[in-house]
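Hi,

Here is the structure I promised to send over.

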Amino acid sequence: MQDVKPMVPDTRFMRAVEEGSGIKISACFQCKKCTNGCPTSFAMDIYPDQVIRLVQMGQREKVLNSSTIWVCSSCQTCSTRCPNEVDIAGTMDYLKEMAVREGISVPQSRTKAFHEAFLEDIRRRGRISEGGMMSMYMLKSGEIWDKLRSGDIKEDVVLAFEMLKRGRMPVLPKGIRAKDEVRKIIDG
Amino acid sequence: MKVTYYPGCSLEGSARDYALSIEGVCRALGLELEELEDWSCCGATAAHSINHRVSVELPARNLAMAEAKGMDMVVPCPLCFNRLKGAEKALLQDEAGEYSASFQGRIGIHDLANFMAQPEILKRITESAKRRLKGLNAVCYYGCMASRPPRVTDSREYENPTSMDRILKAIGVEVKPWSYKTECCGASHAVARRDMVYKMVGRLYDKALEAGANCVVVSCQMCQANLDLYQDQISEEMGKSYYLPVLYFTELIGMALGIKQARDWVGKHFVRPYHLFGSVGLVDRRPGSRIME
């Protein structure tokens with residue numbers, strides 16, 4: 001028989017998450033309604049109800065290193081349907097922000113690169129220019145090199161060309177006048 | 001009727017078609033949209049994913065400017081709407097003075113589809129309609145952000161929204177019931193996890209066809225993009241050949257009102273609806289008519 005080590009709950013992590021996020025994680029009684037309604041659970045490594053349970057049990061490393069928190073699409077179905085008003089999607093956001101702050105090497109690094117490229121583009125112009133943001137994402141995530149190698153870059157070039165042709169991609173994106181105000185917000 | 005208008009970034013780019021149809025239809029209905037001057041990005045998914053404070057303060061800047069104008073604000077992009085509503089709630093509950101902007105809640109923030117479905121405007125649409133769009137069997141696809149979570153959106157019909165259903169019925173479209181009105185399309189995962197979007201959207205196509213639809217009607221430009229841009233690739237992936245035009249509800253209002261430019265708006269989609277329109281007798285079949293290209 002294999003030795004099974006019991007998991008000793010440590011509520012300090014849960015209390016820290018509750019205090020920082022204002023979300024009452026301890027209210028979860030594991031009905032799994034969140035996971036059953038989740039449209040992205042097929043791509044997750046741990047299910048939403050497990051994320052909440054692991055936070056309750058103090059399993060910090062497990063949740064912060066999970067794919068799940070990045071795979072969540074923030075569709076808000078879980079938070080809407082939770083009978084105990086646990087904001088599960090909000091918890092995913094809180095954990096993502098924590099993982100970034102702690103410099104964890106996240107398993108869904110491209111999704112993280114997308115969010116960062118997006119914020120950088122807002123910082124630059126005050127508004128998003130989709131073309132500029134996408135190029136920055138391609139470089140930041142390193143996806144450009146994979147696409148060049150595999151030849152998949154053709155698809156993106158065709159897509160961009162078709163958008164341009166339809167007048168759905170401005171050639172010279174405009175920025176706003178009050179860029180400084182927006183930069184101040186982003187830089188804190 | 002005059003309101004402040006917050007278009008959001010994608011309506012200046014990939015959702016130019018949506019923007020043009022909104023402007024055209026509102027003009028025809030006598031609804032004056034005054035664009036919020038020097039508006040900035042709401043922060044979208046990126047901000048709320050990795051920086052909570054920024055996710056409140058970016059939309060808050062726009063809220064404060066809109067409140068100074070004093071008119072209610074209408075927002076076509078459901079994600080912008082959601083972020084603006086989230087900031088509204090955060091600022092109204094901000095007793096500790098955590099955020100730099102202030103908002104007193106003197107103006108209302110409205111999702112465009114809900115705004116257009118209010119009885120007064122619905123009446124205008126019905127009265128100005130020049131033709132009924134018979135032959136279109138639509139499923140209304142609302143997506144997530146205009147509805148959920150209701151404590152943010154103030155939606156009362158978040159599991160079964162009906163704004164577009166009511167509008168489309170008023171212009172003669174047959175609206176098919178289905179259970180996927182507010183199912184997620186994957187949204188911005190189209191960038192870094194397109195494989196996920198293909199799966200999620202493929203299922204939506206199947207469910208729409210199962211419901212008897214020949215088109216999908218949307219009010220969200222992210223849903224439109226995910227369902228429209230990759231239909232060929234998803235067909236290939238799923239071993240099927242989907243043909244499901246993905247139309248904005250405003251484009252259909254434009255067609256019903258007889259606005260000529262409506263054919264150019266829908267012509268900007270990847271899945272061109274001309275074949276569908278032709279097959280149900282909604283277009284001019286004369287030779288040389290552009291709509292039949």
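Let me start with one pair of strands in chain B: strand S3 (residues 73-75) and S4(B) pair in the parallel sense over 3 bridges. Before I go on, some housekeeping. This is a predicted model, where local features need pLDDT of at least 70, side-chain atom pairs count only at pLDDT 80 or more, and totals for chains, interfaces and linings use all residues. Residues are numbered from 1 along each chain as its sequence is written, while chains are lettered from A and ligands numbered from 1 in the order in which they are written.

Back to that pair. Strands count as paired if DSSP finds at least two bridges between them, and the helices (H or I, at least four residues) and strands (E, at least two) are DSSP runs numbered from the N terminus. B:Val75 has B:Asp111 as its bridge partner in S4(B). Both strands belong to an open sheet of 4 strands with parallel pairing, in the order S2-S1-S3-S4 (chain B). Strand S2 (32-35) and strand S4 (109-111) of chain B are at the edges with a single partner strand each, so one side of each has no neighbour in the sheet. On average, neighbouring strands here are turned by 40° against each other, direction ignored.

Now the helices around it. Helix H4 (residues 78-92) of chain B lies across S3 and S4 of chain B and runs at about 155° to S4(B). (Axes are lines fitted to C-alpha atoms, for helices over the stretch in contact, and angles run from 0 to 180 degrees between N-to-C directions.) Helix H3 (residues 52-69) of chain B packs with H4(B) at an angle of about 95°, the axes being 8 Å apart. H3(B) and H4(B) are therefore roughly perpendicular to each other (65 to 115 degrees). Among the residues that meet there are B:Val56 and B:Leu63 in H3(B), and B:Leu84 and B:Leu91 in H4(B); contact means C-beta atoms, placed from the backbone, within 7 Å. The residues of this contact divide into 8 nonpolar, 2 polar and 2 charged. For those classes, Ala, Val, Leu, Ile, Met, Phe, Trp, Tyr, Cys and Pro count as nonpolar, Asp, Glu, Lys and Arg as charged, and the others, Gly among them, as polar.

Chain B also has an open sheet of 4 strands in the order S6-S5-S7-S8, again with parallel pairing. Its edges are strand S6 (174-175) and strand S8 (246-248) of chain B, each with a single partner strand, so one side of each is left without a neighbour. Helix H8 (residues 163-170) of chain B packs on this sheet, touching strand S5 (137-141), S6 and S7 of chain B. S5(B) joins S6(B) over 2 bridges and S7(B) over 4 bridges. B:Ala138 stands opposite B:Val175 in S6(B), and B:Val139 opposite B:Val216 in S7(B). S5(B) is largely enclosed by the rest of the structure, because 4 of its 5 residues are buried (20 or more other C-beta atoms within 10 Å of a residue's own, all placed from the backbone).

Finally, the two chains. Their contact takes 45 residues from chain A and 45 residues from chain B. On the chain A side, H8(A) gives the most, with 7 residues. That side divides into 20 nonpolar, 14 polar and 11 charged residues.

Cheers

Key
Two residues are in contact if their C-beta atoms, placed from the backbone, lie within 7 Å. Angles under 35 degrees count as roughly parallel, over 145 as roughly antiparallel, 65 to 115 as roughly perpendicular and the rest as oblique. A residue is buried if 20 or more other C-beta atoms lie within 10 Å of its own, exposed if 12 or fewer, and partly exposed in between; C-beta atoms are placed from the backbone.
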